[in-house]
Amino acid sequence: MLANIALRTVLKSSVGVFRGSGCSALTAAPRLTGGCFAIPPPVRHYARVAKKKKAGPESQLSDLPPTMLKSGYAAVPLSQTTDDLVKRLLSLEMGCHSDKLQLKKEQLIAKVQRDENDYTSVEVRVAILTAKIRNFQEHLQKHNKDKSNKRRMLMDIDRRKKLLKNLRLVNYDAFEKVCEQLGITYSFPPEYYRRVTHRWLAKKALCIKVFQEVQKQKAKQRLMMQSLAPTDPKAAKTASV
């Protein structure tokens with residue numbers, strides 16, 4: 001009887017303590033230690049540690065300073081003498097991703113173009129495709145399930161490969177200059193395209209076996225002819241004539 005009364009008093013006191021601390025009585029219950037009831041400290045649930053992001057390769061737009069003016073305002077003389085606030089509005093700091101990409105395209109075009117008014121040559125088209133391909137690669141590293149942009153990137157890679165192939169046949173010096181200035185590694189396509197299937201592999205193995213058997217039969221015939229040649233006098237006379 002006395003034990004039940006003591007348990008009730010301890011529970012009532014514990015509920016009052018939990019209400020004052022902002023916790024419920026269900027989160028922690030009194031424990032019997034050393035013949036008396038002791039209230040455990042409240043459990044604190046801390047937030048999870050944030051995951052560290054994987055450091056990917058450096059972007060092609062990282063070398064563009066934020067103070068550089070956009071492509072449409074760089075040639076305007078009035079933009080050089082305006083207020084600092086206006087320059088900031090016209091700079092890449094307040095520009096979007098497409099503005100930076102356009103400026104990067106112009107920088108790559110300036111490296112390979114034949115003259116100042118050249119915007120349609122093969123070298124310029126390769127430079128534009130190179131900027132687009134690198135932009136797609138950076139995007140796909142963050143969003144690897146974006147199938148539509150992956151398809152566009154592969155199409156641009158095929159176009160650039162065809163242009164480089166024709167440029168290599170027509171003007172090899174320009175081809176070397178483009179690859180060196182844009183940092184492109186040209187890989188030669190294979191001479192023979194064939195989709196490997198189980199049927200094709202089985203047919204190839206059969207053809208190899210047939211060829212080997214034919215070679216063995218021909219070798220046997222040669223040995224037989226060599227063994228019969230010295231015994232036949234007529235064949236020896238014809239061979240000497």
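How many residues does helix H5 have, and how far does the helix reach from its first C-alpha to its last? In this predicted model, H5 covers residues 147-170, which makes 24 residues, and its end-to-end reach is 35 Å. That is close to the 34 Å expected at 1.5 Å a residue.

**Overall make-up**

The protein chain holds 8 helices and 2 strands. Read from the N terminus, the order of elements is α-β-β-α-α-α-α-α-α-α. The chain has 241 residues, and 21% of them count as buried. Its accessible surface is about 19900 Å², with 58% of that belonging to carbon and sulfur atoms. Taking contacts between residues at least 6 apart in sequence, 48% join residues at least 24 apart.

Helix H3 runs over residues 97-112. Its 16 residues should span 22 Å at 1.5 Å a residue, and the end C-alpha atoms are 23 Å apart, which agrees.

| Helix | Residues | Number of residues | Expected span | Span in the model |
|---|---|---|---|---|
| H5 | 147-170 | 24 residues | 34 Å | 35 Å |

The buried residues of H3 are Leu101, Leu103, Lys104, Lys105, Leu108, Ile109 and Val112. Their cover includes helix H4 (122-142) and helix H6 (172-182). In H5, the buried positions are Asn149, Met153, Asp156, Arg160, Leu163, Leu164 and Leu167. The buried residues of H5 pack against H4 and H6.

**The contact of H3 with H4**

Two packed helices are described by the distance between their axes and the angle between them. For H3 and H4, the axes come within 9 Å and cross at roughly 145 degrees. The crossing of H3 past H4 is right-handed. By class, this contact has 8 nonpolar, 2 polar and 3 charged residues. On the H3 side the residues are His97, Leu101, Lys105, Leu108, Ile109 and Val112. They meet Glu123, Val124, Ala127, Ile128, Ala131, Lys132 and Asn135 of H4. Among the H3 residues in this contact, Leu101, Lys105, Leu108, Ile109 and Val112 are also buried.

Where is Glu93 found? Glu93 lies in the loop between helix H2 (84-90) and H3. Leaving aside residues up to four places away in sequence, Glu93 touches Pro66 and Arg88. Met68 is 25 residues from Glu93 in sequence, and the two are 8.1 Å apart in space, C-alpha to C-alpha.

Methods. Residues numbered from 1 in each chain as written. Predicted model: local features only at pLDDT ≥ 70, side-chain atom pairs only at ≥ 80, totals over all residues. Heavy atoms only, no water. Helix = DSSP H or I, 4+ residues; strand = E, 2+ residues; numbered from the N terminus. Expected span 1.5 Å × (residues − 1). Buried < 20%, exposed > 50% of the residue type's maximum accessible area, 1.4 Å probe, protein only. Contact = heavy atoms within 4.5 Å. Areas by Shrake-Rupley, 256 points an atom, 1.4 Å probe, with all protein chains shown as cover. Axes fitted to C-alpha atoms, helices over the stretch in contact; angles between N-to-C directions. Left-handed = near helix turned anticlockwise from the far one by under 90°. Nonpolar A, V, L, I, M, F, W, Y, C, P; charged D, E, K, R; others polar.
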